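Here are my notes on this entry, point by point. Please read them with the coordinates open.

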Amino acid sequence: MTALTPPMNGGCRTAPVLKERGQREVFCGLTGIIWLHRKMQDAFFLVVGSRTCAHLLQSAAGVMIFAEPRFGTAILEETDLAGMADAQKEVDRVVAQLLDRRPDIRQLFLVGSCPSEVIKIDLHRAAERLNAQHAPHVRVLNYSGSGIETTFTQGEDAALASMVPVLKETEARELLIVGALPDVVEDQMLGMLRAMGIGPIHCLPAHRIDQETAVGPNTVFALVQPFLGDTHAALERRGARHLPAPFPFGEEGTTAWLSVIAAEFDVPASLFSQVTDAPRARARKAIAQAAETLNGKSVFFFPDSQLEIPLARFLTRECGMTAIEVGSPYIHDALVGPDLDLLPAGPVISEGQDVDKQLARARAARADLTVCGLGLANPLEAEGLSTKWAIELVFTPVHFYEQAGDLAGLFSRPLRRKSILKLEAAE
Amino acid sequence: MKLTVWTYEGPPHVGAMRVATAMKGLHYVLHAPQGDTYADLLFTMIERRNHRPPVTYTTFQARDLGSDTATLFKDACADAVTRFNPQAIIVGASCTAELIQDDPGGLAEAIGLSIPVIPLELPSYQRKENFGADETFLQIVRHLSKPQDRSARITANILGATALGFRHRDDVEEITGLLSDLGIGVNVVAPLNATPADIARLPAAHFNVLLYPETGESAARWLEKNHGQPFTKIIPIGVGATRDFIAEVVRITGRDAAYDESRLRLPWWSRSVDSTYLTGKRVFLFGDGSHVMAMARMARDEMGFEVVGMGCYNREMARPVRAMAKEFGLEALITDDYLEVESTIESLSPEMIMGTQMERHIGKRLGIPCAVISAPVHVQDFPARYSPVMGFEGANVLFDTLIHPLVMGLEEHLLTMFREDFEFHDEAGASHHGGHAPKPVAQPAAAEAPVPAMSIIRAEEQPAEPTPAEPVPNNIIWLIDAEKELKKIPFFVRGKARRNTETYAAEKGLRHISIDTLYEAKAHYAR
């Protein structure tokens, strides 16, 4: 259908990886709750943790959301630590209080944190017990979003992985799309796949708890996010087969991702073109506008969301940028391998972080655009670098054709802004 | 365990960060897991700081727990001192590191640094952010201040201002100017912009001006006890309190001084006839204890509001806030439970809230205007312009702050007179607030409000989650005509009218509310 040409100089898949351990300037996995609780409309996320966890969730939301959110923290107190209160009983009490307040909740996630992991509160046991107690009205699951085990987007991975074992068994040949997408993007994607005659299709996570999402030996699944390593493994354990593909960012990535699925379902080339030609052309046109600003510029990625490798592929191949360093918290070859194949050789590929050393490299490189977390962006701007704060890439619809221009725009806007501001005296 | 939705204060190590980030030449080595670094963004994003907070985190992970987290801490400490070359360091643990009991103070001592090492004991599971800041500043002062002679001229230290404080930057400038008018120099401002060397010079001042008891009182008390420096107790917020503060300074220094009130506008602005509409506006105050107490006096005595409720989230201030509430004939609300604050506001239905960013959200949900008067802060609380809340200019700023959320006098009347004008209707909100949606032609079905999932970063623009209709007490039914009449009442008093009418009907044992009931209730509650 549409085989992408690998770069002339070879890709980055076999490039040596700079592995660093040191201070990591990253969010923990609890952060994923911010988007997951909006995506899953009948779910509540109860963090068992400290005041720090509650404060993180509040701060990471960027603003305090004024509606009562579908997440909360059971804050550990001195009595919980001194063993004076039985943690399991305390969890039961808090959950009863919560479900009483929110009878609309159908799925409850007990989310482990750094302190709950360190003092070894067994949330798996708690979830099993509470599940037996509240079934069938409420399904209770658990996962860890702790900083000692997870980085930022790994929280979504852990949450989805915890859902895989309770999916129903099926023998049907079905397509499962894995990863939380904004609703508008999910609808576009399903529209295109259905127009190609592919189905049945289910999404993990679904909006609401359902009886249809199932998994079995005839299930094939595609990932829409590159950070779902544990979910990938859990689905394979259930017998499902992964369709490895570049991630659907930009026109090329979207086409490559769709064509892998189309090939699996024997979609005729003519039908594929019929469905994709128009949106492909729109995407190219939209990207071209932003690419005018980005063309010939250099980019440096700090590790943040694990989206870095697919995004670097998009920026280098479709927007004419040069990557200097592409940092990622973790590199799963089975997931991002196809993107590494397409990323032109040259940049340093780094995994993990020692933030002060990496800052020294970023300052030496003085890339035209530095992609980094919120803690670093303003300080680097003050040093004269242009930055794109990475969390926006996770909070904005950026996948598939119709968003490809917006994705490029997220990167071009800081550069355009820098060029239009005239703050010096005219003379 | 305590179920919490939103928090007013962060953990105590964030308080320590507020002190460290405010200062220069000081570094904080924090034993903490990865993820705790989120706290950097409070400073770089909310406060738009142009440098990273001076904090090195050990960011240990699960695999480190089995091996040697103590060595990790020592290495981080040594690296930080080499890289950042601070004059002193503070060391401590976040909530998770507290559990693994590595003793950061002892470890930092053991590596034999040539600079002062100040250990912090901040119990994460008992105390909160304000305590963390107050205790950290106390420890810094204890360790670094040096006995010395008083300065030749009369000087004061200004204590308590931190990073991420509510208007601290401008308050310090305003009070520095006021002291200068009184012929008093400023020896050191701390923690804000102070270096460890400046802290050493604190005892040279003749007295201390304590602007923020939440974050500076322990240090002020320690300096009083150990260096004989008296400190000011009055928080100069509002005209009356500023004049009282000046009197207090005169008493401490024994020097009478003329000062310049020519820039003070609040008294005339408040007396001028346009302000008549402010009379008796029912306000509810919530925030940190110091700001709430100072603002309550100002609201009542200088704006002519009626204070219908007040409270604070920091238990440390419970006693004075309770005493003041009693003096106002009220019972104080002392809680850090956001939902409790919300239900209190709902039942009081004030005409305005003077609160924090959290109450601003509550007000938005309940349709009650809110002026922000206290931390916790938001990016909006760091305006580019000069806007103190202390001193005489602070009083001017507060006058503007407190009337801005309200519908102004004449507009209020016009809305009442011509309620159904298609352009000038009350659902458009106050005319000086832009960006209101045009009046909807028909209400869409309430069930599926279009929530753009995942664009949470702009969450304020999202519609509120639909709330179930309030159950009317005793199942009293609103007749259709009365319901229609109620809708003609302007939005800023509609909630109060509804509640008063229902209470009235319940008292009279009525099952139905008619138009007559509505107006009987209005007459009954007329003030």
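1. A:I420 is exposed, because its relative accessible area is 58% and exposed means over 50%. The model is predicted, so treat this as a computed value. A:I420 belongs to helix α17 of chain A, which covers residues 401-420.

2. A nonpolar patch lies on the surface here. A:I420, A:L421 and A:L423 form this patch. Together they have about 330 Å² of accessible area.

3. Now to chain B. Is B:H31 buried or exposed? B:H31 is buried, because its relative accessible area is 0% and the limit for buried is under 20%. B:H31 sits in strand β2 of chain B, residues 26-31.

4. What does B:H31 touch, leaving out residues up to four places away in sequence? The list includes B:F60, B:T69, B:F73, B:I100, B:D102 and B:P104. B:T58 is also on that list. The side chains of B:H31 and B:T58 make a polar contact at 2.8 Å.

5. B:H31 and B:E98 are 67 residues apart in sequence. In space, their C-alpha atoms are 8.4 Å apart.

6. Chain B also has an open sheet of five strands. The order is β11-β10-β9-β12-β13, with parallel pairing. The edge strands are β11 (333-334) and β13 (370-372), and each pairs on one side only.

7. Strand β10 of chain B (residues 306-312) runs parallel to β11(B), and two bridges join them. Which residue of β11(B) stands opposite B:C312? B:I334 does.

Technical notes
Residues numbered from 1 in each chain as written. Chains lettered and ligands numbered in written order. Predicted model: local features only at pLDDT ≥ 70, side-chain atom pairs only at ≥ 80, totals over all residues. Heavy atoms only, no water. Pairing = 2+ DSSP bridges. Helix = DSSP H or I, 4+ residues; strand = E, 2+ residues; numbered from the N terminus. Buried < 20%, exposed > 50% of the residue type's maximum accessible area, 1.4 Å probe, protein only. Contact = heavy atoms within 4.5 Å. Polar contact = N/O pair within 3.5 Å; in protein donor to acceptor, adjacent residues only side chain to side chain. Patch = residues over 30% accessible without salt bridge, like charges linked within 9 Å, V, L, I, M, F, W, Y side chains within 5 Å. Areas by Shrake-Rupley, 256 points an atom, 1.4 Å probe, with all protein chains shown as cover. Salt bridge = Lys/Arg side-chain N within 4 Å of Asp/Glu carboxyl O.
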